[in-house]
Amino acid sequence: MDGLPPRRETELADGVVALVHGDGGGGMSNAALLLREPVTVVDTMLLPEMALGIRAALARRGRDAALVVNTHNHADHIGGNAVFAGVRTIAHPRTVASTKAMLGPHLPDLLSQVMPRFAPRLAGWDTPPAEPVRALADELPDGVEALAFEDAHSAADVALWLPGDRVLLAGDLCFTGVTPLAVHGRIGRWRAALDELIALRPRTVLPGHGPPTGPEALHALADYLDRVLAAADEARAEGLPAETVAGRFDAGAAAGWLEPGRTLVNIKVALSEKNSTPFQGEHHVGTDGATHHRGRLLEG
């Protein structure tokens, strides 16, 4: 793990461990361990050497992974899948279709552009796609529910809910301390998904990026997305470019979050939704499972 950001381990509940990577900025996502049968790894971070740290966290507890869940297809959540070769790895079918669509010889260069901090480690980046499973909850440990949302943050995002502990493993449906990125999703649908997560009344939330938190993170992100949607409404009503409204954007509680430049992208996505026009980074997953990309921003 030489030269990689530090990873912190936090027990969220009995048998539920968060692996929090760095400050949650680009390329630094979280993972989780469910130490109930079957022992489950939730997301595998960006690089195999990062995932080796996940495996080591299991070994210190005398456990081996029996199942891996990919919450969505972005590279910084699936890059360590190969470290768990031989372990069943599952994901929503749309996540698998999106993963297969993005893989190719062009991908390492694209990832290096998006995440220059890790560029020296991204040459030859590749990952085995998960197995598509629609009824994910049937595969998970007892007491763990799978909540799937399509076209929110990505083509499909899965959050894991532990109602007995009131712990929500939100994946990238939640960010805290880091500006989210909706380039492969829909702002309006993401905002609606947050309402469903808030209604669960979680006690503890593990976001995809940033430290473990409480339900306030869901409210803060909902407020931020409301502001993005309002900025898009303003741009549309006044005929303004997204850059103009982004320049005077009031981020509210999200002011000071990392990666603030993502707000311009998010406003463009919201504006394209309202105008029913395609955005450069959007994708479409057809009923046949094929994913067609107009652009590939593959993290966050």
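**Questions about strands, helices and single residues**

Tutor: Strand S2 (residues 16-21) and strand S3 pair in the antiparallel sense over four bridges. This is a predicted model, in which local features need pLDDT of at least 70, side-chain atom pairs count only at pLDDT 80 or more, and totals for chains, interfaces and linings use all residues. Residues are numbered from 1 along each chain as its sequence is written, and side-chain values use heavy atoms, leaving out hydrogens and water.

Student: What makes S2 and S3 a pair?

Tutor: Two strands pair if DSSP finds at least two bridges between them. S2 and S3 have four bridges, so they pair. Among the partners, Leu19 is bridged to Ala31 of S3, and Ala18 to Ala32 of S3. Strands themselves are DSSP runs of E with at least two residues, and helices are runs of H or I with at least four, both numbered from the N terminus.

Student: How do you know that S3 also pairs with strand S4 (residues 40-42)?

Tutor: Three bridges join S3 to S4, and the two run antiparallel. Leu34 stands opposite Thr40 in S4. A hairpin of five residues connects S3 to S4. Pro38 lies in this loop, and the peptide bond from Glu37 to Pro38 is cis, with omega near -5 degrees.

Student: Where do S1 and S7 stand in the sheet?

Tutor: The open sheet has seven strands in the order S1-S2-S3-S4-S5-S6-S7, with mixed pairing. Strands S1 (7-13) and S7 (131-132) are its edges, since each pairs on one side only.

Student: Why is Asn266 called buried?

Tutor: Buried means under 20% relative accessible area, exposed over 50%, and partly exposed in between, with a 1.4 Å probe and protein chains only. Asn266 has 1% and is therefore buried. Asn266 belongs to helix H8 (residues 262-275). Apart from neighbours within four places in sequence, Asn266 is in contact (heavy atoms within 4.5 Å) with residues including Thr179, Tyr224 and Val228.

Student: Which class do Asp151 and Glu259 fall into?

Tutor: Asp151 has 19% relative accessible area, so Asp151 is buried. Glu259, at 30%, counts as partly exposed. Asp151 is in the loop between S8 and S9, and Glu259 in the loop between helix H7 (242-247) and H8. Neither is a glycine, yet phi is positive in both, about 55 degrees for Asp151 and about 60 degrees for Glu259.

Student: Why are H5 and H6 called roughly antiparallel?

Tutor: Angles under 35 degrees count as roughly parallel, over 145 as roughly antiparallel, 65 to 115 as roughly perpendicular, and the rest as oblique. The axes of H5 (residues 187-199) and H6 (residues 216-238) come within 10 Å and cross at roughly 155 degrees, so the helices are roughly antiparallel. The contact between them includes Trp190 and Leu194 of H5 and Leu221 and Leu225 of H6.

Student: How many residues of each class does this contact have?

Tutor: The contact of H5 with H6 has eleven nonpolar, two polar and two charged residues. Ala, Val, Leu, Ile, Met, Phe, Trp, Tyr, Cys and Pro count as nonpolar, Asp, Glu, Lys and Arg as charged, and the others, Gly among them, as polar.

Methods
Axes are lines fitted to C-alpha atoms, for helices over the stretch in contact, and angles run from 0 to 180 degrees between N-to-C directions.
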